[in-house]
Each structure stands twice: as structure tokens, then as C-alpha cells.
Amino acid sequence: MNNLLTDSFEMDEKPPKERDIEMGRRNSKNKSDYGLEDFYEEVKDIEMLLDKMSNIVQKLQEANEESKSVTKASAMKAIKGRMEKDIDEVGKIARNIKMKLEQMDRNNLNNRKKPDCGKGTGVDRSRMSMTIALKKKLKERMKDFQNLRQTIQQEYREVVERRIFTVTGTKPSEEVVDNLIETGSSEQIFEKAIQGIGRGQIMATVEEIQERHDVVMDIEKKLLELQQIFTDMAALVDAQGEILDNIESQVSTSLFARQFY
């Protein structure tokens, strides 16, 4: 939360009372904290959820990396179970964050009705900048999952190419790889190898490729469902996208001007 606070509180020289308000401190002579104590708790809750999303995307990246060296269908199935569970958890977290951010927006508007907390005051600018910074962090997490989806698709193709080359000794054409990715059926591709090496030895690879296909298709479906959740949240995340930039610009201008006066 400290990094969210930093940019918001560097403001022009003000009387002590107003400076205390803008710094989010309690005035020892005033029991009111201008709604900031509850607000900081809301920020903390959302940041914890964003951290959970970061941890899960890391777990998914590690699981995908692990899958690249797997050669047994049963192992692929186990990895699939873990990844699906993690993606479902991200969906729940994302919905929770959306609900909390929407409530935060409502609370920010209501807080403006309090004395010394109207639109444009130090308290209001602090609340707004921190809220928008949270939304920017959420947008970054959403992008992490989009990148993960692209990585899984690309690396799946590379693994399939390696499997075919290992068994047949020849590099498959793009058409062959595309067909296998689309259907998951690889037995026909390995017909010559089956005749030369034996069906028993090749079928383990065929089963692993089939299971890998099923895993990637199911994970892709899960990630697309998650992407739809993110799409539904896009308006919330982008609605105030330029406001924080304007606030940061005003603060920077103020600090620059202060050096010469």
C-alpha cells in the first residue's frame, strides 16, 4: 500500500491542519479521520486480493513449464486438475475485486458530502488517486493472464512439434501440426513409426499427446471464460484511466514550481 500512498501525498505547502488531512493522518484534536481509516482498510483488502492473483499466475506459469517435460498422460491429467482449480479461483477473486472497487467508488462519492472532504480537497484527491491506482494494478494482473494464455498456445505447438520429431525423426509440416492441434489425433501421423518400432512403444506417446491436447483445450476454455470476466470489468478499470495521470501531472508541476518560489 505504501507505493500507492507515495505519489498522492506530495502536495503544495499548506497550513498544518490541511496538510494533516492530505497526508491521511488523524488530527489528535479531532476524532474524525475524514473517512480515511475505513478507506485504507478497503485498499488493504483489495491489494491482498491482487497479490493472490499474482501468486496464482505464477503457479500457472510453473505448472505450464512443468507440463512441457511430462511424457505420461496421467501426469498431464494431474497438472490439468491443478491449473483448472487455480483458474477458477482467479475468477472468484476477480469478481470479489470488482465488487469491492464498485463499492469503493460509491464510498468515495458519499465521502464528498462530509465537511472538508468535497470534490478537489486533499482527502478527495488522495482517495481518487489510490482508487485509480488499484484499478491500474488490476489491469496489469488481467494482462498477465492474457499473456499466459498466449504462452500456453505457443508452447503447446512447440511441444507437439518436438514429440513428432522425436518419434518420426522428421520435422512435421505446419499443416500436420495444425491438424494435430485441432483434433488431438496423432496415431495416423505415427503409422510408419508403429510399423518400424512397434505399436506398444508408440502408443504411450499417442496417449500423452491426446491427453495434452485435451488439457490445452480445457485450459483454453477456462482462460476464455476468465477473459470474459475481465472484459466485463474493463469499463470499471478504464473509466477513470486519465484522471490519475492528471493528478500525478498536477503534483509534479506543483513540486517543480515550488523549487523556484
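What percentage of the 261 residues of the protein count as buried? The answer is 41%, where buried means under 20% relative accessible area with a 1.4 Å probe, protein chains only.

Before going further, a word on the basis of these values. This is a predicted model, in which local features need pLDDT of at least 70 and side-chain atom pairs count only at pLDDT 80 or more, while totals for chains, interfaces and linings use all residues. Residues are numbered from 1 along each chain as its sequence is written, and side-chain values use heavy atoms, with hydrogens and water left out.

Let me turn to the fold. The protein has nine helices and zero strands, taken as DSSP runs numbered from the N terminus (helices are H or I, at least four residues; strands are E, at least two). Contact here means heavy atoms within 4.5 Å. Of the contacts with a separation of 6 or more, 75% join residues 24 or more positions apart. The protein exposes about 15000 Å², by the Shrake-Rupley method with a 1.4 Å probe, and carbon and sulfur atoms supply 49% of that area.

Next, the interior. A nonpolar core is a set of buried Ala, Val, Leu, Ile, Met, Phe, Trp, Tyr and Cys residues joined through side-chain atoms within 4.5 Å. The largest such core holds 55 residues, and M53, I97, L101, L138, F145, L226 and F230 touch the most other members. At least two residues each come from α3 (36-67), α4 (73-111), α5 (122-168), α6 (174-183) and α8 (199-238). The largest share, 14 residues, belongs to α8. Leaving aside residues up to four places away in sequence, F145 touches M53, V57, L60, V90, L226 and F230.

An unreviewed UniProt entry lists residues 43-70 and 135-162 as "coiled-coil region"; such annotations may be inferred rather than shown by experiment. In the model, residues 43-70 are 89% helix and 0% strand, with end C-alpha atoms 41 Å apart. Residues 135-162 are 100% helix and 0% strand, and their end C-alpha atoms also lie 41 Å apart.

Finally, the cavities. On a 1 Å grid over the protein atoms alone, a cavity is a set of points where a 1.4 Å probe fits but cannot get out, and lining residues have an atom within 4 Å of a point. Two cavities of 30 Å³ or more are found in the whole structure.

Definitions and conventions:
Buried means under 20% relative accessible area, exposed over 50%, partly exposed in between (1.4 Å probe, protein chains only). On a 1 Å grid over the protein atoms alone, a cavity is a set of points where a 1.4 Å probe fits but cannot get out, and a pocket is an open set with protein on both sides within 12 Å along at least five of seven lines; lining residues have an atom within 4 Å of a point. Grid points are joined across faces, edges and corners, and a volume is the space filled by probe spheres set on the points.
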